[in-house]
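The stops below are meant to be selected in order.

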Amino acid sequence: VMETNMQAMGMELPAKIWIVYNTATRQEIEVQGQKIITFIGKDKGWSINPLTGSTEAQPLPDEAVKSAAGSLSAGGELTNYKENGYAATYEGKDTVNGAAVHKIKLSKGDVLSTIYIDAASYHLVRNTTKATVAGQEVEQTTNYSNYKKTPEGFLFAYNMVVSSPMVGEIKATITKIDVNASLDIKELENPH
C-alpha cells in the first residue's frame with residue numbers, strides 16, 4: 001500500500017495505491033474533492049472518473065489492461081519477464097541524465113517497453129512504454145529517482161515523473177509505504 005502526493009496541471013493530488021503482486025492493483029486519486037478510481041486485474045479492469053461524468057465503473061479496454069500488466073509484477077516488467085510472456089532484447093549502453101545505463105527492450109503483443117537501468121547502481125531510472133489504446137499509439141515515459149529502503153529492506157523509488165501526451169507531466173512522491181499489508185482482493189475489486 002503506497003500513499004503518494006502527486007502534482008499535475010498545477011494541482012496537488014493525494015493518491016493511494018494498493019498492489020497485490022501477480023493479482024491486482026487499485027489506484028485512487030483525489031481531484032477537486034472527488035476520487036478517480038482505477039482497478040486492474042490480470043485480465044480485466046475498470047475506472048470511475050466523476051470528472052468526465054462517469055460515476056459508475058466503466059470497463060477499461062483490453063489494451064489498457066495489457067499495457068498496465070507490468071505493474072502487477074514485483075520489481076516491474078523485467079522481473080520474471082519470460083514467465084509473464086515478455087520477450088527481452090539487450091540494446092547495449094546509453095545515457096540518461098548524463099549517467100551510463102543499460103537499455104533493454106521488452107515486448108508483449110502490441111506493448112513495447114524500453115527500460116533503462118543505471119549501470120552503477122542497477123536501479124531502474126526510466127521506462128518508456130508504447131501501446132495502442134483505442135486505435136492510437138500512446139507513448140508514456142516514467143523517470144524514477146530517490147531510491148530508499150523500507151524498514152523491511154525493500155528498495156523503492158520514492159520519486160516518479162510520468163510524461164504522457166494524454167495527461168502531460170505528473171510528479172509523484174511516495175509519502176508512506178506499507179509492505180505486506182493484509183489486503184482483501186474482493187474489497188479492492190469493489191467499485192465503492
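The tour begins with confidence, then moves through a loop, the nonpolar cores and a hairpin.

**Confidence.** This is a predicted model, so colour the chain by pLDDT before anything else. The chain averages a pLDDT of 89, and 97% of the residues score at least 70. Select helix H1, residues 62–67: confidence is lowest here, at a mean of 76. Then select strand S7, residues 87–96, where confidence is highest, at 96.

**The S1–S2 loop.** Go to Met9, in the loop between strand S1 (2–8) and strand S2 (11–20). Is Met9 buried or exposed? Met9 has a relative accessible area of 67%, which is over the 50% cut-off, so Met9 counts as exposed. Gly168 and Met9 are 159 residues apart along the chain, yet 7.8 Å separates their C-alpha atoms.

**The nonpolar cores.** Next, select Met6, Ala8, Leu13, Ala15, Ile29, Val31, Ile36, Val162, Ile170 and Ala172, the 10 residues of the largest nonpolar core. At least two residues of this core come from each of S1, S2, strand S3 (24–31) and strand S13 (168–177). In soluble globular proteins, nonpolar side chains tend to be buried together.

Return to Ala8 in the largest core. With neighbours within four places in sequence left aside, what does Ala8 contact? The contacts of Ala8 are Leu13, Glu169 and Ile170.

Select strand S8 (residues 99–108) together with S9. The two strands pair in the antiparallel sense, over 8 bridges. The hairpin has 2 residues between the strands, and Gly109 takes a positive phi near 60°.

Stay on S9, residues 111–118. This strand is mostly covered, with 7 of its 8 residues buried.

**Ser113.** The last stop is Ser113, in strand S9. Ser113 has a relative accessible area of 1%, under the 20% cut-off, and is therefore buried. Show side chains: that of Ser113 makes a polar contact with the side chain of Thr129, at 3.4 Å. Beyond neighbours within four places in sequence, Ser113 is in contact with Glu77, Ile104, Lys105, Leu106, Asn127, Thr128 and Thr129.

Methods:
Residues numbered from 1 in each chain as written. Predicted model: local features only at pLDDT ≥ 70, side-chain atom pairs only at ≥ 80, totals over all residues. Heavy atoms only, no water. Buried < 20%, exposed > 50% of the residue type's maximum accessible area, 1.4 Å probe, protein only. Helix = DSSP H or I, 4+ residues; strand = E, 2+ residues; numbered from the N terminus. Pairing = 2+ DSSP bridges. pLDDT = per-residue confidence, 0-100. Core = buried A, V, L, I, M, F, W, Y, C linked by side-chain atoms within 4.5 Å. Contact = heavy atoms within 4.5 Å. Polar contact = N/O pair within 3.5 Å; in protein donor to acceptor, adjacent residues only side chain to side chain.
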